[in-house]
Amino acid sequence: MNTPSIRSEFGYLAFTSRFGSLYSAAVAYSREYVPLASLLKEVYQIELNFRQVSATLKGPGHSCFSCNGSQHYTFRRAMDLPFKVGPIVYQPVQQAAKSGPKPARPITEIAQEWVTHFNTILESGNSKTLSSLFQANGMNLQSLFNLRDLVYI
Amino acid sequence: MCLGFWKDHLSTSWEFHTVQGHQGLEQMAQKAKKAGLAKVQLDASKPVTNRIPAPAIGESIMASILFETPVVRGKGVFTLTSADDTGIEWKCFTLYTVLYELKGHEERKGATRPRGYEDGDRTPWSEKRRNAEEMQGIEPYVMVIGAGHAGCAIAARLGMLDIPTLVIERNPRVGDSWRKRYPSYISLLS
């Protein structure tokens, strides 16, 4: 069975409060043509196959908002379970925290300093130097952390 | 190699952008300059926080900002991560900027919220209401199709922006599309 396009099928996740923010992220990312399925897999260790899910989760308590149970099924209960349910694999990322340095100065001072430099570069119009304010360390997709941080304030 | 992100929603142009790397950031800086983005300052109403957003990231500093262009007011959030082993130098990993309001078209809220009457105006409220419903002398700028949750919400927001808006609904009453959705559904809309 082909895995359906995450872009077309992801809207059903909007019905779960847990993944409400992910839905917004999905909308934002799909507009920019980032393959969300792989993003979810890499960042959240979630693998989804919606058509298989709807075939598996028949039964009371799983009827869908849109079609009243005839075609689709809500994922709320399945998503909340931290173990494998049928074809859904939902596993929180089990990873030791990176042991990085703690701020050596007051964090407000560090943030203010960054804003001041940002303003200076914008005012000078020297756009080539802007990247000097941004992180240069190699980080892979795994470290894209909470998608909501990129989407929400 | 520069791997910081800048995501912008409508504050530097009328588009959504996410850029990464030297070239992308350079282009975004040029857009920001062209848009007149300036007066970036920390948002005093929100604390600067120190947290670990994900295990792979480690310690980070998150702060909110406010800024302006000649056309818009915007807000944003950025995350700094350590750039060395000492914790002295911190660089931006993600920067998010978004349009908050258009200057001259601010949402009417708080002290500027419509009071429902004007001093010296003796026109009865019922007459004003009828005129509004019939859109007497008003040419709508926006037509909203469907008076469900989303339609009502966007119409209310447009109303607060003083943008003449016409909502059309195929059912007799506002909210009927939800009211009639399930037999057990109870709507709080009148």
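Trainee: How many residues does helix α1 of chain B have, and what length does α1(B) reach from its first C-alpha to its last?

Mentor: The model is predicted, so local features need pLDDT of at least 70 and side-chain atom pairs count only at pLDDT 80 or more, while totals for chains, interfaces and linings use all residues. Residues are numbered from 1 along each chain as its sequence is written, and chains are lettered from A and ligands numbered from 1 in the order in which they are written.

Helix α1 of chain B, residues 21–35, has 15 residues; helices (H or I, at least four residues) and strands (E, at least two) are DSSP runs, numbered from the N terminus. From first C-alpha to last, α1(B) reaches 21 Å, close to the 21 Å expected at 1.5 Å a residue, the expected span being 1.5 Å times one less than the number of residues.

The buried residues of α1(B) are B:L25, B:M28, B:A29 and B:A32. A residue is buried if 20 or more other C-beta atoms, placed from the backbone, lie within 10 Å of its own, exposed if 12 or fewer, and partly exposed in between. Seen down the axis of α1(B), the buried residues fall within an arc of 105° (taken from the directions from the helix axis to the C-beta atoms), so they line one face of the helix. An α-helix has 3.6 residues a turn, so residues three or four places apart point the same way. On the other side of α1(B), B:Q23 and B:K34 are exposed.

The buried residues of α1(B) pack against α6 (107–124) of chain A, and against β1 (5–9) and β2 (16–20) of chain B. After α1(B) comes B:G36, with a positive phi near 80°.

Note on methods. Two residues are in contact if their C-beta atoms, placed from the backbone, lie within 7 Å.
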